[in-house]
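This note sets out some remarks for a student who is reading the structure for the first time. Please keep the sequence and the model in view while working through the numbered points.

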Amino acid sequence: ADARKWQAQDPDSYVFEGDMYADKKQWGEAAGQYELAMNYDPNLVEAYVKYANTYFNVNPEMAIQKLQELLKKQPNSALAQRQLAEKYYTDNQGAKAAEQYGEYIKNPNHFSQDEVRYVQLLFFGGKYQESYDLATSLVNKLPAGDEQVFYMRRMQLYNLVQLKKWAEAAEAGKAFFGMQLPEGSTYESRDYTDYAQALQNSGNPTEAIANYEKAAQINPNNLPLLRNLSDTYTDAKNYDKAVEFYKKVCDNEKHTSNDLYQLAVCYYNQALSTKDPAVKKTAIEEGMKYLTAADEKVPDNLLIVNRKASYYKLMEGEKNSGKACDAYKQLLKLLDSKEDKSGYDSYYISAYNYLANYEFNAGDKALAKTYYEKWLEHDPKNEALRKYVQSLK
């Protein structure tokens, strides 16, 4: 107050009073003082930045507009460029944040440590190759013991996975986990899942499983992670473990109807592969339970009905006793109702194959021949079947 008696138009006292209000989290009052400072000195970068930092808590759009106004007046201000990029990022405008940070990084006055932040912004803005290239240049430029190298190697892995460069991603993951963990840092669930995904897609399911399990220990309720882990066990033909992890998905209240179906598929694989009659019996019973639950949620679904027929065939074993007839007839009805039937030949073939053999064994050779002919329509290159149909009277 005394300072203003001597120089009422000096902006410093208004900035200082704004700081006092900001310290008490009185955002509106603080922003008002910074605005007064800007009125007395329209080029005072400090006032604009502090206004944006405080008023962002009240009105993010207005705070961003004020920084945009500053940049028009001082387009070469590294601080203004940086603050605008940060506000875009905090306001979940990732693409704009990355673009603005790019302008800031070109400024010779930028802070070198902000290049690390730019790598992340590029990644979250979907510019994976640019993010990877910058991360790689920083790995090569920073001292080997710098903790930022650890984070940049992480970003190399993340970007390569998004780019689906699996072999390179697997190598990047190996380098990342081969580093000494910086003091105070921890591995994240995504570190393990991205590395696992790279290993899985580059032909190393065993190591992929080990990393998925490490991720699951960090985040046991992560459903996408549990699904991936089950799928990886399926790829490794370890169907018992595949069932175990998909069961955890379905035990979670956020499971979907597709999860119920996928667990039924896991049980089907388990039943098909086991040599233990007791395990097979339990797998079929549990699988049918989850398949029925999925059917109730999504009736008349082709995948579910086709899988139901497969289960009935599995129950029969080698003998075709007609258990799957109703399911296959339902499947054919659903297929015939489709306008576009292309791509469903395998479904038609399995249905007509089963029905034809059943009717033939049951003594209705005329109906069996009809089914064989329909099978041939969807399997025209099957010369053995063609000759067999021609031999039928």
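Which residues does tyrosine 233 touch, not counting residues up to four places away in sequence? The first point takes up this question; please note that the model is predicted.

1. Tyrosine 233 is found in helix α14, which covers residues 223–235. Beyond its neighbours up to four places away in sequence, tyrosine 233 touches Ile209, Glu213, Asn238, Lys241, Ala242 and Phe245. The residue counts as buried because its relative accessibility is 6%, and buried means under 20%. Proline 42 stands 191 residues from tyrosine 233 along the chain, and the C-alpha atoms of the two are separated by 64 Å.

2. Asparagine 252 belongs to the loop between α15 (239–251) and α16 (257–273). This asparagine is also buried, with a relative accessible area of 17%. Once its neighbours within four places in sequence are left aside, asparagine 252 is in contact with Asn221 and Leu223.

3. Two packed helices are described by the angle between their axes and the distance between the axes. For helix α4 (residues 45–55) and helix α5 (residues 60–73), the axes come within 8 Å and cross at roughly 165 degrees. Angles over 145 degrees count as roughly antiparallel, so α4 is roughly antiparallel to α5. The crossing of these helices is left-handed. On the α4 side the contact is made by Val45, Tyr48, Val49, Tyr51, Ala52 and Tyr55. On the α5 side it is made by Pro60, Met62, Ala63, Lys66, Leu67, Glu69, Leu70 and Lys73. By type, the residues of this contact divide into 11 nonpolar and 3 charged, with no polar ones.

4. A pair of aromatic rings is described by the distance of the centres and the angle of the planes. The whole structure holds 25 aromatic pairs. One of them joins tyrosine 101 and tyrosine 104, with 5.4 Å centre to centre and 85 degrees between the planes, and this pair is edge-to-face. Both tyrosines lie in helix α7 (residues 94–106); because they are 3 residues apart there, about one helical turn separates them. Tyrosine 101 is buried at a relative accessible area of 0%, and tyrosine 104 is buried at 1%.

5. Tyrosine 328 and tyrosine 354 form a tilted aromatic pair, with centres 5.3 Å apart and 40 degrees between the planes. This pair links distant parts of the chain, as the two residues are 26 residues apart. Tyrosine 328 is in helix α19 (residues 325–336), and tyrosine 354 is in helix α20 (residues 345–362). Tyrosine 328 counts as buried at 2% relative accessibility, and tyrosine 354 is buried with a relative accessible area of 4%.

6. Ring pairs also build a cluster, which links Phe150, Tyr151, Phe176, Phe177, Tyr187, Tyr192 and Tyr195.

7. Lysine 164 is not a glycine, although its phi is positive, at about 60 degrees. This lysine sits in the loop between α10 (147–162) and α11 (166–177), and it is exposed, with a relative accessible area of 58%. Aspartate 300, another residue other than glycine, has a positive phi near 60 degrees. Aspartate 300 lies in the loop between α17 (277–297) and α18 (302–316).

How values were computed
Residues are numbered from 1 along each chain as its sequence is written. This is a predicted model: local features need pLDDT of at least 70, side-chain atom pairs count only at pLDDT 80 or more; totals for chains, interfaces and linings use all residues. Side-chain values use heavy atoms; hydrogens and water are left out. Helices (H or I, at least four residues) and strands (E, at least two) are DSSP runs, numbered from the N terminus. Buried means under 20% relative accessible area, exposed over 50%, partly exposed in between (1.4 Å probe, protein chains only). Contact means heavy atoms within 4.5 Å. Axes are lines fitted to C-alpha atoms, for helices over the stretch in contact, and angles run from 0 to 180 degrees between N-to-C directions. Angles under 35 degrees count as roughly parallel, over 145 as roughly antiparallel, 65 to 115 as roughly perpendicular and the rest as oblique. A crossing is left-handed if the near helix is turned anticlockwise from the far one by less than a right angle, and right-handed if clockwise. Ala, Val, Leu, Ile, Met, Phe, Trp, Tyr, Cys and Pro count as nonpolar, Asp, Glu, Lys and Arg as charged, and the others, Gly among them, as polar. Rings of Phe, Tyr and Trp (its six-membered ring) pair if their centres lie within 6.5 Å; planes under 30 degrees apart count as stacked, over 60 as edge-to-face and the rest as tilted.
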